[in-house]
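Please read it alongside the sequence and coordinates shown here.

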Amino acid sequence: MSQPATVTIEPAILYFGTPVVLISTINEDGSSNLAPMSSAFWLGWRCILGLDASSKTTENLIRTGQCVLNLPSVNEVGAVDRIARTTGSDPIPDAKQMRGYTTEKRKWEASGLTQVASETVAPPRALECPVQLEAVLAAQNGFMADDPVWKVGIHVFEVRIQRVHVHPSLLMEGHDNRIDPDRWNPLIMSFQKFYGLAPGQVHPSTLGKIEEATYRSPDVDRARVL
Ligand SMILES: Cc1cc2nc3c(=O)[nH]c(=O)nc-3n(C[C@H](O)[C@H](O)[C@H](O)COP(=O)(O)O)c2cc1C
């Protein structure tokens, strides 16, 4: 039997497709910043975020220790794209200047999204995003420590979720605390372009036979008392 052929390539990026997160944080003047990112993954009620060290979001997260992770669906792609290639930083960091970024202090207005107050953190939530997660900084790690130049350019943050807000339309029928993946259509960034997911499952899931409640972490109870 013939093997599938491969070619060896050197793409500049390996962004194979991850959901977009719109992070809200508080600026030093009390206003709030909003920024799209997608180097994020989830473990329990924790999220690991890879962020450019020169971003306003990074500065705000380190200073305040708080953020909201707003997850846009495909319906909010226009809002995300309107604030792409902008930064809350002034002056614009060199690497962003080179890539044609502009300073935008009023990201919420530019995006067209609506701010609503959070319950446990200062940054506001984005009303139109179907998922809004209030979070606090749990740990900060380096990245590319083996490269003398690039190691200062990116931070990896671990944040702990304290409150999960979702549009009721995402809930699994008959369950108060479960998201129905058939009803959740995340906005995906793949190689700098936007995609959605095709509807429906492509195959029955063996992993999906494991009771979801077995993954519940102590963070859920910890968040209840806030
Ligand atoms: C779809 C999308 C995904 C992005 N993903 C990331 C990311 O994972 N990490 C990152 O540092 N920047 C990412 N960016 C770029 C940031 O949005 C950019 O650094 C922005 O200037 C941050 O805003 P701020 O400086 O106001 O925090 C992404 C941008 C878009 C539009």
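A residue counts as exposed when its relative accessible area is over 50%, and as buried when that area is under 20%. The model is predicted.

## Positive phi outside glycine

Arg-85 is not a glycine, yet its phi is positive, at about 60°. The residue sits in the loop between α2 (77–82) and β7. Because its relative accessibility is 52%, and the cut-off is over 50%, Arg-85 counts as exposed.

Gln-192 is another residue other than glycine with a positive phi, near 75°. Its place is in the loop between β13 (188–190) and β14 (193–195). With a relative accessible area of 64%, Gln-192 is exposed.

## A cis peptide bond

Asp-90 and Pro-91 are joined by a cis peptide bond, with omega near 5°. Pro-91 belongs to the loop between β7 (86–87) and α3 (94–98).

Strands β4 (residues 40–43) and β5 (residues 46–52) are paired in the antiparallel sense, over four bridges. One of the residues involved is Trp-42, whose bridge partner in β5 is Cys-47.

## Helix α1 and the residue after it

Which residues of helix α1 are buried? In this helix (residues 56–64), they are Lys-56, Thr-57, Thr-58, Asn-60 and Leu-61. Just after α1 comes Gly-65, with a positive phi of about 70°.

Note on methods:
Residues are numbered from 1 along each chain as its sequence is written. This is a predicted model: local features need pLDDT of at least 70, side-chain atom pairs count only at pLDDT 80 or more; totals for chains, interfaces and linings use all residues. Side-chain values use heavy atoms; hydrogens and water are left out. Two strands pair if DSSP finds at least two bridges between them. Helices (H or I, at least four residues) and strands (E, at least two) are DSSP runs, numbered from the N terminus. Buried means under 20% relative accessible area, exposed over 50%, partly exposed in between (1.4 Å probe, protein chains only).
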